[in-house]
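Here's a quick tour for anyone meeting this structure for the first time. Have a look at the sequence and the model, then read on.

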Amino acid sequence: MTPSLQTDGSLLLLAPAKLNLFLEILGKRPDGYHELSTLMVAINLCDEIIFRPHRAEILLSCDTPELAVGAENLVVKAAQLLRRSTGCQDGVAIHLRKKIPWAAGLGGGSSDAAATLLGLNRLWKLNLSVVELKELGSQLGSDVPFFLGENAAWCTGRGEILEPLPARIPLHLLLLKPASGCDTAAVYRNLKLPPNPRSGQNLREAFVVGDARRLAAEMFNRLQESAFEMNSEIQAILAELSRTSALGCLMSGSGSSLFAVAEDESHSERLAAELQNQKLPAGTRWWRVRSL
Ligand code: C5P
């Protein structure tokens with residue numbers, strides 16, 4: 001995520017969505033969070049965020065009326081956290097063009113927060129290091145540190161401990177989002193802890209060597225069953241996807257979005273055509289995407 005300076009002096013950042021190709025829960029922690037291991041990849045579906053200097057206030061506007069733009073928005077929280085931790089008193093007007101569906105398990109809010117830390121670090125000339133920004137990011141949400149530099153990473157802890165992974169080839173994917181979303185905390189609450197957690201080692205190897213077929217066979221998400229019980233649309237979409245020629249399909253994060261893996265770009269085109277004939281729940285949206 002590199003801030004680009006616009007001719008009018010504003011800064012533009014593209015904040016990508018992420019997918020979880022593997023997600024296993026290792027246990028519940030005393031602080032209520034879950035210890036997990038997950039492979040996250042950023043994809044080329046991005047929110048656009050514009051930062052403009054603005055007196056002493058933090059103002060957020062958004063092109064999507066359904067999204068709250070007050071103190072509960074992670075973008076505002078990120079700006080306030082930066083001011084509190086550095087003593088900076090500058091203001092900013094932030095405009096968010098929302099492209100990533102929310103309540104979808106795609107990390108859109110976390111990515112927007114990460115973009116805000118990066119954008120304001122530059123706009124307010126704070127000179128914080130990436131390590132310092134990641135520490136602040138982890139206070140905002142488990143996925144925020146990932147978006148502060150990585151395109152693909154093996155993530156542990158509550159998701160904030162990162163081991164960057166090299167991505168050999170872009171993965172070509174179809175991404176689907178039912179009309180309904182999922183409440184992350186509720187999906188975690190409904191989860192049954194596995195007696196024998198999976199290691200994800202095979203999937204990790206398949207990812208690193210760029211073997212889409214093997215990767216698709218090894219994909220797994222422990223939260224999927226829990227989300228299924230709370231949202232019937234996810235199961236309905238997965239059933240339709242499994243009737244296509246996709247190499248594999250999975251829910252991302254805590255849902256409700258799902259993705260299907262294609263062999264290559266032309267297969268993803270064919271998959272998109274196949275999808276036209278599937279009976280997806282009303283209001284389901286979909287995109288052809290690739291990993292970054
Ligand atoms: O960290 P974040 O704010 O994104 O997490 C949202 C919710 O998801 C948490 O309040 C918690 O209920 C759940 N969660 C969890 N374990 C994690 C990450 C998230 O239980 N590792």
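Which residue just after H2 takes a positive phi? That's Lys125, with a phi of about 50°. Keep in mind that this is a predicted model.

Helix H2 itself covers residues 108–123, and its 16 residues reach 22 Å from the first C-alpha to the last, close to the 22 Å expected at 1.5 Å a residue. With 15 of those 16 residues buried, H2 is largely enclosed by the rest of the structure.

What about the stretch at residues 73–148? UniProt, in an unreviewed entry, places the feature "domain: GHMP kinase N-terminal" there. The span is 53% helix and 8% strand, and its end C-alpha atoms lie 18 Å apart.

Over in helix H7 (residues 223–230), Leu223, Gln224, Ser226 and Ala227 are buried. Looking down the axis of H7, you'd find its buried residues within an arc of 165°, so they line one face of the helix. These elements are among those that cover them:

| Element | Residues |
|---|---|
| Strand E2 | 11–28 |
| Helix H4 | 184–189 |
| Strand E9 | 220–221 |
| Helix H8 | 232–241 |
| Strand E10 | 248–251 |

Helix H4 turns up again around the ligand, where it supplies the largest share of the shell, three residues. Strand E3 (34–53) and H4 each give at least two. The surrounding residues include Tyr33, His34, Leu36, Asp143, Arg158, Thr184, Ala185 and Tyr188. By type, the shell divides into four nonpolar, five polar and two charged residues.

Key
Residues numbered from 1 in each chain as written. Predicted model: local features only at pLDDT ≥ 70, side-chain atom pairs only at ≥ 80, totals over all residues. Buried ≥ 20, exposed ≤ 12 C-beta atoms within 10 Å, placed from the backbone. Helix = DSSP H or I, 4+ residues; strand = E, 2+ residues; numbered from the N terminus. Arc of directions from axis to C-beta. Contact = placed C-beta atoms within 7 Å. Expected span 1.5 Å × (residues − 1). UniProt positions renumbered as here; feature names shortened; annotations may be inferred. Near = placed C-beta within 6 Å. Nonpolar A, V, L, I, M, F, W, Y, C, P; charged D, E, K, R; others polar.
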